[in-house]
Amino acid sequence: MVDKFKESLGINSFHYQIPSHANKIPYTLGGITLISLVILFISGFILTQFYNPAVSDANKSISYIKDEVYLGWFIRGIHYWAVQIITVTVSLHLIRVFLTASYKKPREFTWLSGVLLLSLAGGFIFTGTVLKWDQEGYEALHHHLWAMEKLGAIGNIFSSEFSRVNILGRFYTLHISILPILTIFLLSVHVFLIKIHRISPLPSGGEERMVDFTSHIRQLIKYGLFTLLIISIFALIIEPSLGGEPVEGIEVTKPPWMFLWLYSLENIWVYSLIFAPFIIFTPLILLPFFDRNSSIKLGERKTAIAVFIIIFLIMIGLIINGMITSAGHHMG
Ligand code: HEM
């Protein structure tokens, strides 16, 4: 009976051989990110039942979630902490993929779909911040509107004037509908390409033991449960911030920590808000097509590794700088 079910559901097709390094932590960071995304989506789905995107009620509805809805504070915490974990695991995943040269032929489009997923993650965090409709959310929106105004015709689509529907409502649609659909589509492409090309070989080379793919699934379930435990512990002990209703015309907050590099650059030159994301994402997109060095050995990729380390250190430096500098006035 069980065997019949397994056959009908195609579970037997999971029995194929993969190299044993696929079960090592660096090679499961994408999987851990995927599991955290599932946790994020489930908690987000519950929150949508209680959140109201009307300007007059958005901030109050979050207070309602955390103060009155049964376990609302916990679900909100899970949603928030899942985002923090995803930011860390997806960054580590990108670093691993870079260091093991897994973006090189034939995995260029796996990398490209990953870069697009990264930009969608940024979109989720940004729109989610605005949804709080406290001072931080309001100022985030104000920054967005300022940038869209400077971008002229293209920016108009994402401005308040484009539609008579309130921009907070449109951000909500982005957050709970458009971004999730795009994410699920790109994730399917990402996973499909990983399956087609198989996991990349270890840069150190050598013969490797092969294991059954189901051992990888078991490993991911183990790490996934551990991640859920970590997210739950954080949700229990540290409540995500929520300010009161926003005050118009002032700039007193800083963005979430993952955007602090941009905030630091804005402090130097306000137009960085528009240019910096392009400067970061263009080389990321082009990397697999422009890196002509076919070697995957660390020692034979000295230039690429050096450039990567420099960019990494600059990003960390800018984030730390953003943490220690006080909130300033940017938008004229
Ligand atoms: C939502 C975000 C992402 C998810 C859920 C995800 C998921 C995964 C998973 C499950 C794997 C299999 C191996 C592993 O776990 O390491 C993988 C591999 C890969 N990912 Fe991602 N990924 C994401 C973002 C990214 C980003 C930002 C990049 C790079 C810019 C990227 C590039 C790649 C590449 C090139 C591979 C193939 C690696 C190899 O064969 O060794 N991914 N991803």
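The structure is a predicted model, in which local features need pLDDT of at least 70 and side-chain atom pairs count only at pLDDT 80 or more, whereas totals for chains, interfaces and linings use all residues. Residues are numbered from 1 along each chain as its sequence is written.

The chain contains 12 helices and 2 strands, where helices (H or I, at least four residues) and strands (E, at least two) are DSSP runs numbered from the N terminus. Their order along the sequence is α-β-α-α-α-α-α-α-α-β-α-α-α-α. The radius of gyration of the chain is 22 Å, close to the 20 Å given by the globule rule for 332 residues, so the chain is as compact as a globular protein of that length. The radius is taken over C-alpha atoms, and the globule rule is 2.2 Å times the number of residues to the power 0.38. Along its principal axes, the C-alpha trace spans about 65 × 55 × 35 Å. Of the 332 residues, 27% are buried; a residue is buried if 20 or more other C-beta atoms lie within 10 Å of its own, exposed if 12 or fewer, and partly exposed in between, with C-beta atoms placed from the backbone. Among contacts with a separation of 6 or more, 80% involve residues 24 or more positions apart, a contact being a pair of residues whose C-beta atoms, placed from the backbone, lie within 7 Å.

The largest nonpolar core comprises 30 residues, and those with the most contacts inside it are Ile39, Leu40, Ile78, Trp81, Ala82, Ile86 and Ile231. Such a core is a set of buried Ala, Val, Leu, Ile, Met, Phe, Trp, Tyr and Cys residues joined through C-beta atoms within 7 Å. Two or more residues of this core come from each of α2, α3 (58–67), α4, α5 and α9, and α4 gives the largest share, 11 residues. Another core, of 12 residues, lies apart from it and includes Tyr138, Leu141, Leu174 and Ile176.

The 28 residues of α4 should span 40 Å at 1.5 Å a residue, and the end C-alpha atoms of α4 are 41 Å apart, which agrees. For α9 (residues 213–237), the 25 residues should span 36 Å, and the end C-alpha atoms are 36 Å apart. The expected span is 1.5 Å times one less than the number of residues in the helix. The buried residues of α9 are Thr227, Ile231 and Ala235, and the elements that cover them include α2 and α4. With residues up to four places away in sequence left out, isoleucine 231 touches Ile39, Ile78, Trp81, Ala82 and Ile85.

Most residues other than glycine have a negative phi, and most peptide bonds are trans. The peptide bond from lysine 105 to proline 106 is cis, with omega near 5°, and proline 106 is placed in the loop between α4 and α5. Lysine 105 lies in the loop between α4 and α5 and is exposed, with 11 other C-beta atoms within 10 Å. Lysine 105 and arginine 292 are 187 residues apart in sequence and 10.0 Å apart in space, C-alpha to C-alpha.

Tryptophan 133 is found in the loop between α5 and α6 (135–150) and counts as buried, with 27 C-beta neighbours inside 10 Å. Arginine 198, in the loop between α8 and β2 (210–212), has a positive phi of about 65°. With 14 C-beta neighbours inside 10 Å, arginine 198 counts as partly exposed.

Technical notes:
Two residues are in contact if their C-beta atoms, placed from the backbone, lie within 7 Å.
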